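Here is a short tour of a protein chain, written to be read with the structure open beside you. Take a moment to turn the view around before starting.

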Amino acid sequence: MQKLLYFALIFTLLLSGCSLKEANANSHKEDMPAANSKMTMKMSKVSPMIKKIPVFEPHAMIAISSITFDSTRAVLSTVERKSDVSEINYHIWRIADGKEGIKMFTSTQKENDFSFLFDIKEFSGARGEYQVEAYEVNEDGTQVLLAKSSLTFQQHVPILMYHAIDEYNGVGLKDLFVTPANFEAQMSYLKDKGYTLLTFERWDEVNKVNKPILVTFDDGMKNNLNAFRILQELKDDQFQPAATEYVIAGWIDSGPYRLSTEDIKEMMNSGIFSIQSHTMSHADLPEITNYEQELNASKEKIEQITGKPVFAIAYPYGHFNDQVVEETKKYYKFATTTKPGQFIEKGQSDEFLQMRRVRISNSTTINQFAALVEPR
Ligand SMILES: [Zn+2]
């Protein structure tokens with residue numbers, strides 16, 4: 001009962017002058033496919049005529065039942081109605097799909113505040129942020145916008161972890177090497193399947209885009225220029241590659257196997273790479289005491305090179321403990337581990353300082369890759 005009453009009320013405040021935008025957007029309704037006959041809810045029988053009103057004022061509020069990270073549905077209702085309404089039409093679309101993906105659901109349950117059980121299976125189970133509008137349906141079939149809101153079903157985000165992008169030459173751990181051919185096949189797969197490559201700078205978009213994914217590299221190796229070249233080649237109008245390089249700040253310019261200052265600038269200036277930290281000396285953080293040097297000095301050194309904020313770190317060896325998290329949060333907003341799995345925001349404390357990653361290794365086949373990145 002308490003839960004039902006615990007409405008996440010998001011009142012949509014209305015932009016004066018937005019009525020014109022609404023009218024324009026809704027004028028495409030006639031083009032809507034009359035699909036979804038399999039839906040359990042009663043659907044609109046006819047294309048609604050949208051009544052144009054000069055200024056949008058809220059005439060009600062959309063109440064939404066509480067949503068947890070693994071919810072797949074929510075109860076919507078329309079409360080605080082200022083007029084006597086007999087039927088409410090909910091217009092719902094997923095932000096990643098845009099208004100072309102809009103669907104309409106009608107509720108006549110006045111005694112229940114026009115409640116409606118919204119299930120993401122009506123949208124093929126796609127998670128992410130949805131927009132909702134509630135319309136009053138008049139006797140003549142016209143509709144008047146009463147209220148707007150939004151709700152989010154958290155998306156799972158694979159954060160891929162790579163190290164070397166090169167042929168294995170017998171030195172070092174073979175599993176840390178992904179061949180350029182395999183890397184190219186993996187990135188092409190993401191491109192072909194409509195993934196959206198993000199960096200931590202764009203984290204607030206994870207629920208607004210299709211198939212969000214992060215591509216990260218640890219250790220700042222020179223052979224990561226192979227990945228840089230491949231990502232540049234895949235770039236086109238549709239596919240905007242993005243990746244994160246975690247560099248070991250004290251090892252920049254330290255020989256032929258490490259990225260140089262010039263490499264880092266070139267990668268960053270391409271718009272593809274975000275350069276973040278992997279500490280100053282690849283320290284095993286639970287074993288040290290000089291956090292200022294490993295966490296803060298490394299951050300400042302990289303920022304001096306790139307001129308951009310460094311706010312994400314990869315823990316060397318994936319090692320961390322409670323104290324490491326406490327120290328890390330002084331300087332960083334995001335920290336990734338080597339714990340396997342896709343990340344999903346659960347609302348837990350410090351969850352962004354112990355993010356899971358999906359390890360891609362020398363032996364990962366393209367079929368295994370596809371399974372690892374598949375939207376959950
Ligand atoms: Zn490392």
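## The chain as a whole

Please keep in mind that this is a predicted model. The chain holds eight helices and 18 strands. Of its 376 residues, 35% are buried. Taking contacts between residues at least 6 apart in sequence, 65% join residues at least 24 apart.

Let's move to helix α3, which covers residues 180-192. With 13 residues at 1.5 Å a residue, α3 should span 18 Å, and this agrees with the 18 Å between its end C-alpha atoms.

Which residues of α3 are buried? They are Gln186, Met187 and Leu190. These residues lie on the same side of α3, because the arc they cover around the axis is only 95°. On the face turned away from that buried side you will find the exposed residues Ala181 and Asp192.

If you follow the backbone just past the end of α3, you reach Gly194, which has a positive phi of about 80°.

## How α3 meets α4

The crossing of α3 and α4 is right-handed.

On the α3 side, the contact is made by Pro180, Phe183, Glu184, Met187, Ser188 and Lys191. From α4 come Asn226, Ala227, Ile230, Leu231 and Leu234. Sorted by class, this contact of α3 with α4 has seven nonpolar, two polar and two charged residues. Met187 takes part in this contact and is also one of the buried residues of α3.

## A closer look at Leu295

For a last stop, select Leu295, which sits in helix α6 (residues 291-306). Is Leu295 buried or exposed? Leu295 counts as buried because 24 other C-beta atoms lie within 10 Å, and the cut-off for a buried residue is 20 or more.

Setting aside neighbours within four places in sequence, Leu295 is in contact with Thr279, Glu327, Thr328 and Tyr331.

Technical notes:
Residues are numbered from 1 along each chain as its sequence is written. This is a predicted model: local features need pLDDT of at least 70, side-chain atom pairs count only at pLDDT 80 or more; totals for chains, interfaces and linings use all residues. Helices (H or I, at least four residues) and strands (E, at least two) are DSSP runs, numbered from the N terminus. The expected span of a helix is 1.5 Å times one less than its number of residues. A residue is buried if 20 or more other C-beta atoms lie within 10 Å of its own, exposed if 12 or fewer, and partly exposed in between; C-beta atoms are placed from the backbone. The arc is that of the directions from the helix axis to the C-beta atoms. A crossing is left-handed if the near helix is turned anticlockwise from the far one by less than a right angle, and right-handed if clockwise. Two residues are in contact if their C-beta atoms, placed from the backbone, lie within 7 Å. Ala, Val, Leu, Ile, Met, Phe, Trp, Tyr, Cys and Pro count as nonpolar, Asp, Glu, Lys and Arg as charged, and the others, Gly among them, as polar.
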